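Colleague: Could you take a close look at one part of this model and then follow the chain around it? Please give the cut-offs as you go.

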Amino acid sequence: MTIEINNESGVVVDESRILALASFALDAMHVSPDAELAIVLVDEGAMEQLHVQWMDEPGPTDVLSFPMDELRPGTEENPTPPGLLGDIVLCPQVAETQAAAAKHSTMDELQLLTCHGVLHLLGYDHAEPDEEKEMFGIQRDILLAFALQERRRTS
């Protein structure tokens, strides 16, 4: 899997953990190992510009996803074909504020947002209650499985 991370935010972030979570999430969704993903971390000003331009909403947001080839989740027997998954844009400053409110680390919030962005790139949404239940359930399962894997790896 080709995952590029570009940190333009001015905030020091453990990019290797974001990369590991993105790779884990794509693997869990049976995306081809030949798929490509870009993750960009930006400051609040850049995120606000993107938020206004693409969502017509004021102020910075936490994560935006820009799908490219409209890839969808695969299965173990039939993985997603290779292609350009798209871009995920994260704002560490907004993530830090949300993390404090949720009483967890900024890194945990950035990983949640990365997983959320991956699912959006794969066609998941949360506009309707049933969509939200499905998307957030998959997101929770991926994050829990990743945390378990990380605990096993470090113990």
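A helix and its surroundings

Modeller: Helix α5 (residues 129-154) has 26 residues and spans 37 Å from its first C-alpha to its last, close to the 38 Å expected at 1.5 Å a residue, the expected span being 1.5 Å times one less than the number of residues. The model is predicted, with local features needing pLDDT of at least 70 and side-chain atom pairs pLDDT 80 or more, while totals for chains, interfaces and linings use all residues. Numbering runs from 1 along each chain as its sequence is written, and side-chain values use heavy atoms, without hydrogens or water. Helices (H or I, at least four residues) and strands (E, at least two) are DSSP runs numbered from the N terminus.

Just after α3, Lys-103 has a positive phi of about 60 degrees.

Strand β2 (residues 36-41) has Leu-37, Ile-39 and Leu-41 on its covered face, and Glu-36, Ala-38 and Val-40 on the uncovered one. β2 pairs (at least two DSSP bridges) in the parallel sense with β4 (residues 84-90) over 6 bridges, and Ile-39 stands opposite Ile-88 in β4.

Key. Buried < 20%, exposed > 50% of the residue type's maximum accessible area, 1.4 Å probe, protein only.
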